[in-house]
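Please look over the sequence and the model before reading on.

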Amino acid sequence: MEERKQLLIVLPGREDEAQRLAADLRVVDGGIDVRVGPEVGDPEYVEMVVASGHPQGFLASFPNLRLVASFGAGVEHLVGAPDLPEDVGIVRTVDSALAHGMAEYVVTAIADWRRGTKGYRHDQELGRWRPRGYAFSSTVVLLGMGRMGLAVDQALGAVGHRVIGWSRSGRSLDGVECVAGRKVLGEVLSEADVVVCLLPLTPDTEGILGCEFFSVMKEGSLLVNVGRGAHMIEDDLIAALDVGRPGHAVLDVFREEPLPASHPFWKNSAITITPHVAALTDPRGAAECIAENWHRLQAGEPLLDLVDRERGY
Ligand code: NDP
């Protein structure tokens, strides 16, 4: 059975991406037997699945499954999935392009807000030369100091912002002010010109961006949500923007995606919307991460970006 071990890619609705990933995987390592769903072949040979958006119960069809790689950074659809036996590992696929993309998105969102880029676009339409000043540095609170948070921290530091990182453990990181705990969160939020949500979605973090949170934010501040839509209580945000805490929100993720055409966020001038594109997975980089984990799995070595199923991320 050794030589028949297979790696299966299943991305329903994204078949072109699945084929491209398979092609990249074959370039990265021609020795891996890569298959693309829905043509599964003999499920007995499947040892690793790369999945996103698969139907419930699907993973239960592979009796020798040992590892599932989420295609992208989020794993909330896999952690606690009833069809995934406890001894099957879950890894995230986080290539460096994903982290760089996230850093670029957050730096741009903050720069556009601080410098009033939208206003200059309007001035240009009117042929109007109207320079405006901007604050020279901002205090930015990053909720979540994982793979994305660290990349964002570096990019913000490079352009002179003070960064405070809030995480579950508050683990200390070189050159970063790190804090933990809900009580401290209230204190740092009141100092923050900008708050960026880079948390994973877990029972602990769901709905964290709600009225209590907004009430301690600084008046006129900026909120950027690039974590997950379910971090946000959407009605609470609308009420909070009405009283200026925060003053503006840049949202990339939503409870329902695509965001329905009738959703009140579209017409709210205090909200900037992007369609879940803050950071995209580069198939070649993803193929390298996946191939590396395939080999580590075969060799019994520690896996990259292994998810702690109990912790939920
Ligand atoms: P990681 O798992 O690497 O990091 C998670 C961070 O959140 C850690 O610092 C962790 O703390 C902290 N954390 C977890 N639970 C809590 C809690 N209860 N209280 C405080 N801090 C907590 O995740 P990533 O950096 O890879 O991803 C972050 C988010 O970004 C995810 O939601 C992901 O889905 C999203 N994402 C969105 C994209 C987009 O295009 N919009 C693209 C890529 C990612 P500790 O360090 O102590 O463990």
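## Basis of the model

The model is predicted, and local features need pLDDT of at least 70, side-chain atom pairs count only at pLDDT 80 or more, while totals for chains, interfaces and linings use all residues. Residues are numbered from 1 along each chain as its sequence is written, and side-chain values use heavy atoms, with hydrogens and water left out.

## The ligand and its shell

Around the ligand there are 28 residues, of which Arg92, Met148, Ser169, Leu199 and Tyr313 come nearest; a residue is near a molecule if one of its heavy atoms lies within 4 Å of it. Sorted by class, this shell has 13 nonpolar, eight polar and seven charged residues, where Ala, Val, Leu, Ile, Met, Phe, Trp, Tyr, Cys and Pro count as nonpolar, Asp, Glu, Lys and Arg as charged, and the others, Gly among them, as polar. At least three residues of the shell come from each of domain 1 (2-95 + 281-299) and domain 2 (96-273), with bounds taken from an automatic or database domain assignment.

Oxygen atoms of the ligand lie 2.6 Å from a polar side-chain atom of arginine 92, 2.8 Å from a polar backbone atom of methionine 145 and 3.0 Å from a polar backbone atom of arginine 147. Taken alone, the ligand exposes 950 Å², and the protein buries 93% of that, as computed by the Shrake-Rupley method with a 1.4 Å probe.

## Helix α7

In helix α7 (residues 234-242), the buried residues are Glu234, Leu237, Ala240 and Leu241; buried means under 20% relative accessible area, exposed over 50%, and partly exposed in between, with a 1.4 Å probe and protein chains only. The exposed residues Asp235 and Asp242 are carried by the face of α7 turned away from its buried side.

## Backbone details

Most residues other than glycine have a negative phi, and most peptide bonds are trans. The bond from glycine 37 to proline 38, however, is cis, with omega near 10 degrees, and proline 38 lies in the loop between β2 (33-36) and β3 (46-51). The bond from glutamate 257 to proline 258 is also cis, with omega near -5 degrees.

Histidine 276, which is not a glycine, has a positive phi near 50 degrees, and at 31% relative accessibility histidine 276 counts as partly exposed.

Definitions and conventions: A polar contact is a pair of N or O atoms within 3.5 Å; within protein, one must be able to donate a hydrogen and the other to accept it, and residues adjacent in sequence count only if both atoms are side-chain atoms. Helices (H or I, at least four residues) and strands (E, at least two) are DSSP runs, numbered from the N terminus.
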